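Please keep both in view while going through the points below.

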Amino acid sequence: MNAFHGNELTSALVADALDTFGLRHQCLGPGLAPVRSESANPTCLVGPAFTLLAQAAAHPNPASPYQGLLEGMDHVSAGAVVVFATGNSAAAAVWGELITAACQHKAVAGAVTDGFVRDAQALAQSGFPVFNRGSVPYDSKGRLDVVAHQVPIEIDGVRVVPGDLIVADTDGVVVVPQQVVPRLTRAVEAKQAAEHDVRASVARGSTLRQAFDQHGVL
Ligand SMILES: O=C([O-])CC(=O)C(=O)O
Ligand SMILES: [Mg+2]
């Protein structure tokens, strides 16, 4: 993925590349959005998935809370994107300011969850990208337990295997299966080049139909 710099790689280009491989259902649903950042830079998150799986907590007053989460955080590496599957649970926030600070310290790239966050104001100020379903003040303690890390998960209907490439920006979140990552660069560059040609044609006065007829893409 080193061929891509800055904001050249977009979730839309990646989704188009995956379409050409016949992988047409790799995007998480539109209900997941980044915490609105206070930085002027657009949110762009790229990195290998580090998966966490949460389930309804076994006990409302656990003697040793957060153990699965702490275990996962011990193992997450720099550059990873934490992909936190909760089964779309609104029972509690699975992400907050303190987890963010610890991840930033380890240079983790960001996080994606089908669940909820809290401390949203602090997350916005942190600049750490966290794609999520919304905010709720409830603590995860006694509500949602992390039961596994680095296992295959399903999140918002999409399977994610540890190491799959996550590409997320303001359009949404795309999951690139590891086995097609080597083919991704060429497919994205081909679409980028064709889009460049369409853009140039339209700038020269072509109608969208003429540009499409000439270059074959939108
Ligand atoms: O307690 C939690 O699970 C999340 C949280 O508030 C934090 O990370 O600050
Ligand atoms: Mg907190």
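In what order do the 3 strands of the open sheet stand, and what is the sense of their pairing? The order is β4-β6-β8, and the pairing is parallel; strands pair if DSSP finds at least two bridges between them. The model is a predicted one, in which local features need pLDDT of at least 70, side-chain atom pairs count only at pLDDT 80 or more, and totals for chains, interfaces and linings use all residues. Residues are numbered from 1 along each chain as its sequence is written, while chains are lettered from A and ligands numbered from 1 in the order in which they are written.

**The open sheet**

- β4 (93-95) and β8 (134-135) stand at the edges with a single partner strand each, so one side of each has no neighbour in the sheet.
- The parallel pairing of β4 and β6 runs over 2 bridges, and Phe116 in β6 is the bridge partner of Ala93.

**The chain as a whole**

- The protein chain has 6 helices and 13 strands; helices (H or I, at least four residues) and strands (E, at least two) are DSSP runs, numbered from the N terminus.
- Its radius of gyration is 19 Å, close to the 17 Å that the globule rule gives for 218 residues, so the chain is as compact as a globular protein of that length. The radius is taken over C-alpha atoms, and the rule is 2.2 Å times the number of residues to the power 0.38.
- The C-alpha trace spans about 65 × 35 × 25 Å along its principal axes.
- Of the 218 residues, 37% count as buried. A residue is buried if 20 or more other C-beta atoms lie within 10 Å of its own, exposed if 12 or fewer, and partly exposed in between, with C-beta atoms placed from the backbone.
- Among contacts with a separation of 6 or more, 75% join residues 24 or more positions apart; a contact requires C-beta atoms, placed from the backbone, to lie within 7 Å.

**Surroundings of ligand 1**

- Ligand 1 is surrounded by Ala93, Gly96, Glu97, Leu98, Ile99, Arg118, Asp119, Asp139 and Ser140; a residue is counted here if its C-beta atom, placed from the backbone, lies within 6 Å of the molecule.
- Helix α3 (residues 97-105) gives the largest share of this shell, 3 residues.
- The shell divides into 3 nonpolar, 2 polar and 4 charged residues. Ala, Val, Leu, Ile, Met, Phe, Trp, Tyr, Cys and Pro count as nonpolar, Asp, Glu, Lys and Arg as charged, and the others, Gly among them, as polar.

**Positions listed by UniProt**

- In an unreviewed entry, UniProt lists Gly96, Glu97, Leu98, Ile99 and Arg118 for "binding site". These residues span 23 residues in sequence, yet no two of their C-alpha atoms are more than 10.6 Å apart, so they gather at one spot.
- UniProt also lists Asp119 for "binding site" in an unreviewed entry. Such annotations may be inferred rather than shown by experiment; feature names are shortened and positions follow the numbering used here.
- Asp119 is placed in the loop between β6 (116-117) and α4 (120-126). Asp119 is buried because 20 other C-beta atoms lie within 10 Å, and beyond four places in sequence Asp119 touches Gly96 and Glu97.
- Arg118 also lies in the loop between β6 and α4 and counts as buried, with 20 C-beta neighbours inside 10 Å. Leaving aside neighbours within four places in sequence, Arg118 is in contact with Ala93, Gly96, Ser135, Val136 and Pro137.
- Glu97 lies in helix α3 and is partly exposed, with 17 C-beta neighbours inside 10 Å. Leaving aside neighbours within four places in sequence, Glu97 is in contact with Asp119, Ala122 and Leu123.

**Helix α1**

- Ser11, Leu13, Val14, Asp16, Ala17 and Leu18 are buried in helix α1 (residues 11-20), and what covers them includes β12, β13 and α5 (181-203).

- Thr170, in the loop between β12 (165-169) and β13 (172-176), counts as exposed because it has 11 C-beta neighbours inside 10 Å.
- Val147 belongs to strand β9 (residues 144-149) and is partly exposed, with 15 other C-beta atoms within 10 Å.

Definitions and conventions: Two residues are in contact if their C-beta atoms, placed from the backbone, lie within 7 Å.
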